Amino acid sequence: MTLPQHLDPEHHHRLMESIQDPVNLKYLRRFMTDFAKDPSKITDKQAGWLYEQGFLPEKIELYDFDTYDIALYLSDVQRWMTREVNGEYSIVFNNKILFTQVFRNFCKVAPITAIWRNGRIIPYDDVWERCVTGQLDEPRKFVIKPLGGGGGGNVYFVQVGRKSAMIESNEPGRERFTLPVERLGDIFIGAKVPFMVTEFIYQGEFTKRLYPLTVNTVRMLIVRDPETLLPHVVRTVQRMGTASSYPIDNFSLGGLSAEIDIETGVLGPAVAAAGPHKGPRWDHHPNTGEPIAGQVVPKWSTVVEDMKSLFLQVPYISYCGFDLILMDDDVVVLEGNSYSQVRLFQMHRPLLPDPIYTKVLSHNGIFQK
Amino acid sequence: MSMFVPGGVRPPGLFPAEPRVIYQTKRKNLTHEGRIGRLDRTETLNAFRDFSHAFHAHRPRLEPELGGYLHNHGFLPDKGALFGLSPELIDPENPDEHSDWLGQYLSDFQAAILPLANGRYAPAGSNRLFQWRLQRRVLPLAPLVGSRQSGRVIRHGATEGAILSRGMNTGREGLPAWHDALPGAGTGDDDDRVYIGVPCGQEAVEVTRIAVLHDPQAKLPFVLGAALLTGPLDALDAPGSAMECRRIDPETGMAGASRRFERGAVAAPETVDENSRIVPGWWPAVTAVLSGLRQLPVWAVIQLDVIDTAEGPMVVDLTDRLDVAALQLDGPVMGAEAAIRFVKEFGV
């Protein structure tokens with residue numbers, strides 16, 4: 001693919017050389033330390049080529065540099081720098097309580113049941129108390145995850161009955177265990193960070209069919225055009241869990257990503273960045289055999305318009321990767337990421353051919369024309 | 001009249017008045033990871049960028065496990081084999097113990113930011129012309145026979161020995177013939193170069209390299225570490241140059257086993273002589289250096305090269321960049337109490 005007019009082949013080099021302020025130098029430091037320990041097998045020549053342009057060695061395997069010029073890709077250094085686009089409002093995305101409190105005014109979010117912090121539970125309603133005293137009318141499911149951070153680590157899915165709770169997680173050694181309901185708080189033993197307990201959201205039939213054992217979320221990257229101030233959907237992917245990412249759909253842990261055509265809602269083939277399914281492009285789910293490529297997300301145009309409308313209602317946000325659960329008749333906004341991972345987008349095709357996206361980056365000093 | 005005042009009272013205008021703390025440390029955390037993680041100023045972050053560029057330019061690349069371990073602790077690739085550093089030394093049950101042990105080594109990155117402790121004098125720390133002008137009354141410096149500034153050579157005096165070129169930077173590119181340094185022949189790179197007279201030529205000589213830090217408690221300079229290097233004077237720091245090196249015990253002046261190593265090479269040093277011996281002229285050298293630095297207490301970090309001549313010690317080089325390799329071939333130098341006090345004081 002040839003470079004569009006707004007991209008100079010040397011822009012990555014120029015950005016790397018121009019970074020001088022301490023905030024971005026810290027992101028550069030992060031890149032350099034990550035680069036040094038990246039276990040990907042690359043040649044010395046490839047190492048120099050990637051390092052000078054701000055890409056980690058893993059990108060040799062993940063990105064299609066044979067088809068697309070490296071100048072078309074958002075680099076790892078640039079991705080870290082997107083962390084500053086929302087300025088002080090980033091905190092809305094960095095703390096899941098704040099996110100829920102803010103966004104529940106504009107869209108459907110996963111209701112908070114309780115918070116665990118400093119060794120004690122802070123209930124938001126009477127549900128947690130009814131859980132631990134065996135007073136639930138019927139079994140209920142909850143999701144427990146850390147208040148901050150991403151990457152899918154330490155997520156617990158809890159099914160609570162009257163006498164016991166069954167817990168599944170991606171934590172090594174605690175994949176599946178049960179607790180008497182009165183000892184439900186033992187889940188947090190040894191935890192060093194605060195956790196949030198939310199109600200489990202049951203996904204719609206379309207995403208459930210792709211891989212029914214995980215909640216398969218959509219990641220939608222939306223930016224605000226600095227000239228028109230209107231939202232612009234840059235890229236959207238459908239994530240899917242696999243046997244190796246179970247019980248979550250996390251892309252870094254072996255889940256799949258399939259691009260959704262923003263105009264039509266048609267899914268492309270899926271790829272994996274880690275685990276046994278890394279490498280090929282999957283037209284069908286490798287575990288279930290369910291077709292992926294060519295499937296159409298139901299009511300897609302409504303989803304896109306709803307998200308644009310939401311973005312208009314939070315004018316102080318300029319850059320966000322939203323995680324969505326598609327229900328049959330509605331959308332739940334699970335969380336927002338102020339510096340969204342971009343591998344799951346760029347493994348399909350690079351991001352920088354989008355001129356509005358590069359305009360946002362340029363406006364924030366992340367892209368050198 | 002001596003400018004040294006007992007009790008640490010500083011002569012006005014000599015010791016930097018502004019704070020020289022490079023960043024606030026938690027004081028307990030002296031590890032390399034902590035140091036790199038806490039960097040928050042443009043100049044130190046840029047120093048890390050320079051270090052990282054040098055590390056990543058090394059070919060062939062190290063295996064990621066070793067490379068990540070060395071880089072993320074601030075060591076260049078050659079230090080793994082040179083010092084025997086490896087991630088395999090980390091006890092998974094007690095990784096802090098390893099961090100504490102490794103923290104006793106002066107890292108390459110730490111050596112790069114150490115000169116910032118020289119405060120307002122830091123920009124001049126590796127400027128030989130400035131050093132020669134400043135220190136000539138207090139240290140037994142080799143005679144200055146010429147200098148080059150703004151592309152012009154200025155002759156200061158004749159010499160009977162060989163002429164050695166000392167550049168502004170730590171890298172010393174060799175001994176140019178005097179007649180090559182004619183007025184106007186120089187480039188910007190050669191500016192602030194000095195030409196000194198030394199009683200030896202291209203042959204290998206013994207050079208005592210002494211690293212000195214300022215002890216914030218005693219408010220006096222102390223010898224951090226010392227090494228006896230054997231090689232041609234103009235090639236001691238050149239990349240790829242091979243030399244023999246003995247660690248000197250500053251307390252006794254005894255030089256340990258002799259090891260041969262090559263600058264920048266990823267290879268373990270080779271022991272060529274197990275026997276220890278007294279360093280000739282050690283006490284006159286260290287006395288001259290410390291008394292000179294006490295009289296002119298400008299530098300918190302300084303390294304001096306001294307040769308032993310018939311007339312006594314002669315300082316043939318001064319720089320604020322410590323020689324990480326030679327000083328630590330036989331073990332770390334930053335474990336001493338005074339060194340820890342220095343790190344806590346200056347945050348490096």
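The model is predicted: local features need pLDDT of at least 70, side-chain atom pairs count only at pLDDT 80 or more, and totals for chains, interfaces and linings use all residues. Residues are numbered from 1 along each chain as its sequence is written, and chains are lettered from A, ligands numbered from 1, in the order in which they are written.

**Stop 1: the contact between the chains**

Select chains A and B together. Chain A puts 16 residues into the contact and chain B 19 residues; two residues are in contact if their C-beta atoms, placed from the backbone, lie within 7 Å. On the side of chain A, the elements giving two or more residues are helix 2 (22-37) and helix 3 (44-53). Helices (H or I, at least four residues) and strands (E, at least two) are DSSP runs, numbered from the N terminus. Helix 2 of chain A gives the most, with ten residues. The side of chain A that touches chain B has nine nonpolar, two polar and five charged residues. Here Ala, Val, Leu, Ile, Met, Phe, Trp, Tyr, Cys and Pro count as nonpolar, Asp, Glu, Lys and Arg as charged, and the others, Gly among them, as polar.

**Stop 2: helix 2 of chain A against chain B**

Axes are lines fitted to C-alpha atoms, for helices over the stretch in contact, and angles run from 0 to 180 degrees between N-to-C directions.

Next select helix 3 (residues 64-71) of chain B. The axes of helix 2 of chain A and helix 3 of chain B come within 6 Å and cross at roughly 150 degrees, which makes the two helices roughly antiparallel. Thr33(A), Ala36(A) and Lys37(A) meet Pro64(B), Gly67(B), Gly68(B) and His71(B) there.

**Stop 3: the sheet of chain A**

Show the strands of chain A. An open sheet of six strands, paired antiparallel, has the order 11-10-9-8-12-13; two strands pair if DSSP finds at least two bridges between them. Strand 11 (267-272) and strand 13 (331-337) of chain A are at the edges with a single partner strand each, so one side of each has no neighbour in the sheet.

Strand 8 (residues 218-224) is joined to strand 12 (residues 319-326) of chain A by six bridges, and Ile222(A) has Cys320(A) as its bridge partner. A hairpin of four residues leads from strand 12 to strand 13 of chain A. Five of the seven residues of strand 13 of chain A are buried; a residue is buried if 20 or more other C-beta atoms lie within 10 Å of its own, exposed if 12 or fewer, and partly exposed in between, with C-beta atoms placed from the backbone.

**Stop 4: Cys131(A)**

Finally, select Cys131(A), in helix 8 (residues 127-132) of chain A. Cys131(A) counts as buried because it has 24 C-beta neighbours inside 10 Å. Neighbours within four places in sequence aside, Cys131(A) is in contact with Leu136(A), Val160(A), Val181(A) and Leu184(A).

Conventions. Parallel < 35°, antiparallel > 145°, perpendicular 65-115°, else oblique.
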